[in-house]
Amino acid sequence: SNPFEVKVNKQKFNILGRKTKNDVGLPGVSRSKAIKKRTQTLLKEYKEKEKTNVFKDKRFGEYNTKLSPEEKMIKRFTLERQQNFGKNNIYNLNEDEELTHYGQSLAEIEKLNDVVDSDSDAEEGGTLSAELTAAHFGGGGGLLRKKASSEQEAEEEEKPKSRKELIEELIAKSKQEKQERQTRRESALELTEKLDNDWKEIQSLMVRKTPKSEKKDKEEKPKPDEYDMIVRELGFEMKAKPSDRMKTEEELAKEEQARLQRLEADRLRRMRGIDEKEETKKKPKHISADDLADGFILDKDDRRMLSYKDGKINIENEEEEEEGGNEESNEERNEEGEEEDNEHEDSDEESADEDEEGVAEDNHSDLESDLGSEEEGTGDKEQNQESNEDKSQNMEEQDLKMEAARSELPYTFAVPESYDKFKSLLTGRTIEQQLIILERIQKCNHPSLAVGNKAKLEKLFGFLLEYIGELATLDLPELKTIDRLVLPLYNLCQMFPESASDSMKFVLRDAAHDMEEMIEVKGRATFPGLDTLIYLKITSLLFPTSDFWHPVVTPAFVYMSQLLTKCRITTLQDVVKGLFICCLFLEYVSLSKRFVPELINFLLGILHISLPKKQAQGYTVVHPFTPVGKNLELLLVSDKKDLESWQKQNLPLSILTRLKEMSRTEMNHIRLSCLALCFDLIKKCAALYESLPSFHEIMHPVRILLTQHLPVSEYPEQMQEWYNSAVRELQNKVKHYLPLVCEKKKPEPLKQYTPKIVKVLEFGRKLGGSKKEQERKRLIHKHKREFKGAIREIRKDNQFLARLQLEEIMERDAARKRKVKELLGSLATQEGEWKAMKRKKRKN
């Protein structure tokens, strides 16, 4: 075959239920594919012919649950009668049916009631009726005329009308309908006029003059309602003015940075002992005696607004305005922009330079004489002493202000480049000061203010995470400080989610590697420290735990499940850590309701280690718990005094560092609190997983352990309440879900409105006939095509079967010939041997 004549139809995607058309366009390929298909289907049916081993129940209504047994029997009986009726009564003439001949009943014709016998001896013999003669001989002129006229009328009725006659009949019919409508309209108008006249006559009898007082009452307008008054008031109210636009994040960051820089400048000025008021005050300008005040400039607008009050002019107090203006001047300066501050500073510097130049030129000649005369007049010692005391007090106040300014936190911070610098910023500070420092670092180094700020703040998240871990590893862990530091950690995570996830993944990866190394070296693993547990808690606060897969939460989920299955329970500290991880698991899956088998197994193990050794039998325990060992009665409390004095208490993480210092009674109380927490967690698990189809199978071992093995009577009353609530939560759950079963009958689809589709052929011609005719033609054409295709396929199938049968016959014939040849060969050998033996005998 020529490869250039091959045509290949490619298919991009494999779709279920669709016939593939990507066949190679060679004549032999399609034939080989058809043969292959027939070998898979037809050959298999041919080989399995008359080898049925399946019984199909085809009785009517056997799998229909909606029918009762009586209805099924009635329906089967009717179907059986219908089948028998169709088979047996094909050629039977039913007596109830009436047979006709040219419209006349054969039964009536056989009676011969209407035929008159001419040979009968009747009284009126010899006289034939007109009907009889008309029926048999056609006699009678009148009858002939009547018959002719009736035949003409029938011919006229049967004769089709022409187009002109049809149009004339249509016009006449429309005129008649129009005339009828006109008459109906005129009759209706006459009736309405008559009715109006009658009503006027009746109304004239009912007319009554109303008195003037009533007319006045009617003419008075009704008072408006409260709603109308409110609507009118709202109409006269002033409309709201448009507010300023919302500032962008970059603008807000710039404003916050400028504010912190101004506050830091003020703090540095106060720390150096420079008074802001003295700087802002202008030095008195020296005016010489020869000055004519030609350069007078109005620096301030002293005009007042003229107003009247109670018919008198309202004069404002000048002193109050001046004081208020002096107090508000400093605040206004702080709130103004940087450009205005620079302009004012430039103007102040220029004026100060001019004043110094003027003083230098004048040499204060006039002031020296005045000062000399004043010193001579007021040279008392007491006044000098008072002035010295005032100066000392001012110096002390200034020193206090400088010390207060030094003790204040700076308003601007740079992002620390290393963890040591970051730690030096926060150590020795209170928690409020630490939060303020972190907030100011973020505001002064916002990513929108400079190019490298983003990378610096990303490092800050790692520094803060490491600092939290260091606080957790102290001898007395500062859990309150860690709790407050989660908020800035969350803000940084929202700003830089990728770097935050990388940092958290690095921490979790290190913890998982440490556990794997410990298992390789020692053969067993222990629960991690407090810092790792806090990191797992922070993960649930920073990242979404309800996702199906998350780059941080999913590894944390796997790591916690490994902790509950690989870490041995040897001390009470391990029990507290394991219960904390169980609480974290419930927090993780509270929204997704994901099933955690490690959680159920661990709670089952907690119940196991709270039993005495004699009762810890009859159930299976999964690793890391063992049915025997020294840690079996780890949570068992046998002291009655401790049981009576116990009260339920929370188990904070800070208790992990104080377990070694506690007394025996306190340890027993913690054991009982752990058991109560276990009951609470079982109750929460039952409420969380009640919708699972296999809920009862999952919680079955826990239910057995609670109801059959725990010594409930020895526990205090409060513990018994927690136990009973957990048992009720397990036993009161009902199966809400049933296995899915397909319906026996297909649901009937809803009736829909099908659109009217008009097929248009070429040159704008529509397809002739109605919709039913078109559908009928389409079905006929489809039937012909399918019929031809079916005949063609049947012929090919018959040819295929004929070839198979011929091959079987040829194989049988070949086998028979081979056997015949073998038999003949064996006989020939036997005959040769016999002849040889005979020759030997003859020779002998």
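## Salt bridges and a surface patch

Lys-443 and Glu-256 pair through their side chains in a salt bridge, with an N to O distance of 3.4 Å. The model is predicted.

Lys-443 also forms a salt bridge with Glu-439, where the closest N and O atoms are 2.8 Å apart. Both Lys-443 and Glu-439 belong to helix α16, four residues apart, or about one turn of the helix. Glu-256, Arg-259, Glu-439 and Lys-443 are linked in a network of salt bridges.

A search of the whole structure finds 13 salt bridges. One of them is between the side chains of Arg-38 and Glu-793, at 2.9 Å from N to O. Here Arg-38 lies in helix α1 (residues 27-47) and Glu-793 in helix α29, 755 residues apart, so the pair links distant parts of the chain.

The relative accessible areas of residues in these pairs are as follows.

| Residue | Relative accessible area | Class |
|---|---|---|
| Arg-38 | 11% | buried |
| Glu-256 | 18% | buried |
| Lys-443 | 28% | partly exposed |
| Glu-793 | 38% | partly exposed |
| Glu-439 | 41% | partly exposed |

Arg-38 counts as buried because its 11% is under the 20% cut-off.

A nonpolar patch on the surface is formed by Val-820, Leu-824 and Leu-827, which together have about 270 Å² of accessible area. Leu-824 is found in helix α29 (residues 771-843). With a relative accessible area of 54%, Leu-824 is exposed.

How values were computed. Residues numbered from 1 in each chain as written. Predicted model: local features only at pLDDT ≥ 70, side-chain atom pairs only at ≥ 80, totals over all residues. Heavy atoms only, no water. Patch = residues over 30% accessible without salt bridge, like charges linked within 9 Å, V, L, I, M, F, W, Y side chains within 5 Å. Areas by Shrake-Rupley, 256 points an atom, 1.4 Å probe, with all protein chains shown as cover. Salt bridge = Lys/Arg side-chain N within 4 Å of Asp/Glu carboxyl O. Helix = DSSP H or I, 4+ residues; strand = E, 2+ residues; numbered from the N terminus. Buried < 20%, exposed > 50% of the residue type's maximum accessible area, 1.4 Å probe, protein only.
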